[in-house]
Amino acid sequence: MAFRKKNRREFIRAAGATGLAIGVAGCSSNGDGNGNGVSGAEELGEQIRELNFVVPTSGVNQFRNELANMVAANWREIGIDVDFEELDFSAHVDKAVVQQDFDASLLGWGGTPERIDPHTFIYDMHHSDNMGEGGRNTPGYSNPEYDELAELQVTQPDEEERQQTVYEAQEIIARDQPRAYIANEGGIHPYASGRITGIEPTLGEGLNSFWNMISVEPLEGDTVTMGYPSEIISLNPMQDLATPDRQFVRLIYDQLFRIGTDGLPTPWAAADEPEIEDGGRTYTVEIRDGMTFHDGEDLTIDDVEFTYNLYADSPTYGSLVDVIGEIETSGNEITFHLEEEYAPFVANVLGQVYLFPEHIWGDVEPEELSDFEDENWVGSGPFMFEDWERQSELQLRAFDDHFNPPNTERFIRIPGSDVAQQFGALESGSIDFIGAIPQPTALARIDEDDDLDGADFEDIGYVKIAYNMRREPFDNVNFRRALSYCVPKTEYVDFVRDGMGTVTHSTISEHNEFWHNPDVEEFDEDLDAARAELEEGGFGWDDDGALHFGADQ
Amino acid sequence: MGLREYVIRRLLQLVVTFWAFFTLLFVLFRLVPGDPTSMFILDGMTPEQREQRIAELGLDQPLHVQYVEYISQLLTGDFGQSFIYREPVIDIIIVRFMNTIVLMGTALFFAYLIGLTFGALMGWWRGSKFERGGIVVTLAARSSPEFWVGIVLLSVFVFWLGWFPSGGMRTTGGELGGGFLARYGSTDFLRHLFLPALTGAIVFMATPTLLMRNTMLDVLNADFIEIKKAEGLPERTVLYRHAARNSVLPIVTVMAIATGAAMGGSVVIETVFNWPGMGREMVRAVNSNDYPVAMAAFFLMGSVVIIMNFLADLAYVYLDPRVEYE
């Protein structure tokens, strides 16, 4: 498999299609062993050990598997032995994120709407507090200068000031390369333009977005049917949920704010923008008048207060509302006093907490919350739960009393185990859109079929390679930078992904316009630059081209 | 040894087989890297949430403690709760198991009905064009991968002719749930059943056909067939009552094993036709480290194999009085 991929790559190179400086790669070595006149350290130390590179199998993600093969070939090219370890998703996450037993790991990081606020990408993924087992700082990046910025941005309610801090943080990360930031993997979600209209793909979510599900409309009949290649786990907002679950829970349950199509939190069950006082430590929100739950009961300010207390008691989600100290209500208003300034409060708390009916959840003990089965899943959202049989279908119905009712009377979700099968169902007319990127051959079929179309979307999440900085030689910044110069980002997006997505060099996507710093250092594939970095870092090559530490390292 | 002792001894063997089977399952699943929280980590589960969940599930206990707990739970007939869905395993499995039984049962029924008849005729008309053509067809069916047969049927009957739906078990948007008849008795269900069952029938058909033909050839050379023919019995009677019946013995064993394997659901057929059966559920459970569901699914499938083998042994005794209890 690897052999075939390498050949394909060489073919692309020979065709001169990439336009990158690639002529050097693949030349035979001369006297200095590395092929381009860079000599490296004069006296060599130990040879760089074989690196363990953990990557997804092609069954899990064929695009990323191909990318990993290309990267490994380049690493070998600059004199590093690579132990290429292909793993299934859960084994990969266990090894790379939980056990942190890897040298380099190629994984994706999803771009869900709440991550449009830069907090997750800046603080959670790179602050040294989060480098423990299962933490999001998988490389173990620890830089006090950086930590200070990551902490500062949380306390800056002024967006311009916060933007400046986030910009600086991005520059430091780009310089230090704890990870190679490779590409925002936008894509295409197929839909039947002959049967539905009003589609609204959004950043990071495509047709799975909340806004799409309430705006999509059948051209005939009253039902829109969507396909997704896996089943959802639960509709209980208090359970551990994966992204596909949240995409449905939020149709049934409202929040005070929702992340809008522009990526910013917009008032939803809240009547207006929050009133922020006390230097960003007090938020007051007024709720809309006349909201009801699906069972006809009024949604009152008491339900909102109950909800936030319920979250505080929840063993699973308590940490989400940790920052809230006290809550007060008055009339139709609720006031949150925060323990400390928390700039992403609206997006990451008010936009995440689902509103619960007290008359149903009021008697549930905290430890029972995640196992509680409300048979009718009563919320106040634009869709009502109708029926569900796992692996078969989930049926929702429009809640006509909602202040923003959906455009389809019924909404059905069909889970599958294979996107190719679902694409067949789309072609044969039994589903109307798919919330997943189809197999490469399907793209041509979309072009040929007048009834089908593809909804393009961009992503703020990305695929990246984490370097385990707890280990030698990844603690050496030149070594990491050299490895990043070996990642063919453009080739990955243009050829492997057939143009779907964009190359990135920063932890904040260029599609997240306000927060993205366009001037960070860039690492395009350049093996000469990689060798120069290694030389600067004091590494050297033996006569066989194998990379060594310098004797004085 | 009498029949009663034989059955008792075989039953005791069954118990040991079962114990070895689920102990092996238990250990295998625990050895697989990852745990039931792995799939949530990239979606935002924090290290504290993860630890708490692992403790809730008892996965922080030593392996032998987990093992003893699992076995004692199983002895009370309780498969436990799904680690991911947080619902009783039996509720999750039972519907999928029924869906699979209906699909695979139909496929096997037609595979063996057609296979036995076809195989018997091929043996009877040895050397004819019918036999030669039959062997080619059977071998072609036997060598075709399930997914390929499924995709060919889909291309012809769904995408080209538009006669059947592309997948699922019923037309979407209707009433869900219901009793056995409501689920499996409608013409809508039969339309959805046709192609996946046909795929299964084509794939399963080759084994009984070839086996039946071969044993028929042996039986036809036996003296008693000549005698029956000499008695002037009609050809049909000799074929069905004497030759075919005596050839059916090895088929019983193969059928028992095939039934067992089929009950696990064919992952491939269920995937190609999006059939909500055991195979798909098993793959999901294994991928997400949902041990209780995965174990129960393998347990059910293995149990059918073990029990079917047991029944095959008993059936031998009935079908062929020369078989002795040993």
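How many of the residues in chain B are buried? I began with this because the model is a predicted one, and I looked up the share for the chain as a whole: buried residues make up 37% of the 326 residues in chain B.

**Entry 1, chain B overall.** I went through the secondary structure of chain B and noted 15 helices and zero strands. I then looked up the extent of the chain along its principal axes, where the C-alpha atoms of chain B fill a box of roughly 85 × 60 × 35 Å. For the contacts, I considered those in chain B between residues at least 6 apart in sequence, and I noted that 75% of them join residues at least 24 apart.

**Entry 2, the two domains of chain B.** I recorded the division of chain B into domain 1, residues 3-75, and domain 2, residues 95-319, and I noted that their centres, taken over C-alpha atoms, are separated by 32 Å. Where the two touch, domain 1 of chain B brings 15 residues to the contact and domain 2 of chain B brings 12 residues. On the domain 1 side, the elements that give two or more residues are α1 (3-31) and α2 (38-41) of chain B, and I noted that α1(B) gives the most, with nine residues. Sorted by class, that side of domain 1 of chain B holds 10 nonpolar, three polar and two charged residues.

Which residues meet here, I asked, in α14(B) and in α15(B)? From α14(B) I listed B:Met278, B:Glu281, B:Met282, B:Ala285 and B:Val286, which meet B:Val293, B:Ala294 and B:Ala297 in α15(B). The residues of this contact divide into seven nonpolar, no polar and one charged.

I moved to chain A and asked why strand β18 (residues 410-415) is largely enclosed by the rest of the structure. I found that five of its six residues are buried, so the strand is largely enclosed. I then looked up its pairing: strand β9 (residues 223-228) of chain A pairs with β18(A) in the parallel sense over six bridges, and the bridge partner of A:Thr223 in β18(A) is A:Arg410. Strand β17 (residues 393-398) of chain A runs antiparallel to β18(A) and is joined to it by four bridges, with A:Arg413 in β18(A) as the bridge partner of A:Leu394.

How values were computed:
Residues are numbered from 1 along each chain as its sequence is written. Chains are lettered from A and ligands numbered from 1 in the order in which they are written. This is a predicted model: local features need pLDDT of at least 70, side-chain atom pairs count only at pLDDT 80 or more; totals for chains, interfaces and linings use all residues. A residue is buried if 20 or more other C-beta atoms lie within 10 Å of its own, exposed if 12 or fewer, and partly exposed in between; C-beta atoms are placed from the backbone. Two strands pair if DSSP finds at least two bridges between them. Domain bounds come from an automatic or database domain assignment. Two residues are in contact if their C-beta atoms, placed from the backbone, lie within 7 Å. Ala, Val, Leu, Ile, Met, Phe, Trp, Tyr, Cys and Pro count as nonpolar, Asp, Glu, Lys and Arg as charged, and the others, Gly among them, as polar.
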